[in-house]
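Subject: That structure, plus some notes

Hi,

Here is the structure I promised to pass on.

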Amino acid sequence: MNRVYYCFPGGKHKALTLSYDDGRIQDRKLVEIFNRYGLRATFNLNSGLFDRDDRRIQPEEVRTLYEGHEVACHTVTHPTIARCPLPEVAEEVLADRRALEALVGYPVRGLAYPNGSLSEEITRLLPGLGIEYGRVVGSSDSFALPENLMSWQATCHHNHNLLALGEQFNALFKQQYLYLMYVWGHSYEFDMEGGWQLIEEFAKLTGGREDVWYCTNIEYVDWKNAMERLKFSADNRFVYNPNAVSCWIRVNDGEPIELPGGQTTAL
Ligand SMILES: [Zn+2]
């Protein structure tokens, strides 16, 4: 029987994503660095805090600044939601979705938990509000794919061994595994000494590499869902891809194969 391995788009086996919170004006400089080196990120915004001070990206700038990246929820007003009644949490998330979607023009489906605050009840509530993943805080020090997308922990905060982990990630070569590197933080943290140099060095180190798929958080989720929709014959001799996009697999350690959307491919 054919042995099938899932691949990231393009047949790759490594993916890199980043996640930045609070929509502060330092995002401008960060986006410029990411764009220069081809990194892709998710930016988690609080739609109720735009007017609070002049340190935040304003609504009229959101669409153009974050183009090519993902805009995701961070709740309307950034409360510690594990302390709030559930209906209030629901309103904080749904109202944030509505406001952000009006700015970006696509469904906003991701969330970074404000203050890293979550509970089991909240993780059960979110899918019903159209939220498909929730990012927590802390560092896993791992390149493993997330087990639970509603409590998705990054590989590292950028102040936690960033360059050493980037070098480790670059050195990963075993094709029998899928690897994901995930970095999170706040762009204003780079204003401290050496901060901008650190993220620029990381971008230079990890950007523009042939074996890496650069994705936003929701693109990773969409990839996972697309792979899970593939319909393999019982003997793994052919597969139907019902998605609108191509999927990529390897069969018996051969070169990656592209499975065009809407087609059945013999393996
Ligand atoms: Zn925050």
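This is a predicted model: local features need pLDDT of at least 70, side-chain atom pairs count only at pLDDT 80 or more; totals for chains, interfaces and linings use all residues.

Start at V239, which sits across from T265 of β14. As a reminder, strands of a sheet pair through backbone hydrogen bonds, and they can do so parallel or antiparallel.

Now the whole chain. The protein has 7 helices and 14 strands. Its radius of gyration is 19 Å, close to the 18 Å that the globule rule gives for 267 residues, so the protein is as compact as a globular protein of that length. The C-alpha trace spans about 60 × 40 × 30 Å along the principal axes. Of the 267 residues, 37% are buried. If you take the contacts with a separation of 6 or more, 65% of them are between residues 24 or more positions apart.

Next, helix α1, residues 27–37. Which of its residues are buried? They are D27, L30, V31 and F34. These residues cover an arc of only 100° around the axis, which puts them on the same side of α1. R28 and E32, on the other side of the helix, are exposed. As for what the buried residues pack against, the partners are two strands, β2 (14–21) and β3 (41–45), and two helices, α2 (59–65) and α6 (195–206).

You'll find T216 in the loop between β9 (212–214) and α7 (217–229). Is T216 buried or exposed? It has 22 C-beta neighbours inside 10 Å, so T216 counts as buried. Even though T216 and L18 are 198 residues apart in sequence, their C-alpha atoms are 7.0 Å apart in space. Beyond its neighbours within four places in sequence, T216 is in contact with T17, R40, A41, T42, H69 and E70.

Most residues other than glycine have a negative phi. H78 has a positive one, near 65°, and is not a glycine. H78 lies in the loop between β4 (70–73) and α3 (86–104). With 18 C-beta neighbours inside 10 Å, H78 counts as partly exposed.

D253 also has a positive phi, about 65°, without being a glycine. Where does D253 lie? In the loop between β12 (247–251) and β13 (257–259). D253 has 9 C-beta neighbours inside 10 Å, so it counts as exposed.

That's everything I have for now.

Cheers

Note on methods: Residues are numbered from 1 along each chain as its sequence is written. Helices (H or I, at least four residues) and strands (E, at least two) are DSSP runs, numbered from the N terminus. The radius of gyration is taken over C-alpha atoms; the globule rule is 2.2 Å times the number of residues to the power 0.38. A residue is buried if 20 or more other C-beta atoms lie within 10 Å of its own, exposed if 12 or fewer, and partly exposed in between; C-beta atoms are placed from the backbone. Two residues are in contact if their C-beta atoms, placed from the backbone, lie within 7 Å. Two strands pair if DSSP finds at least two bridges between them. The arc is that of the directions from the helix axis to the C-beta atoms.
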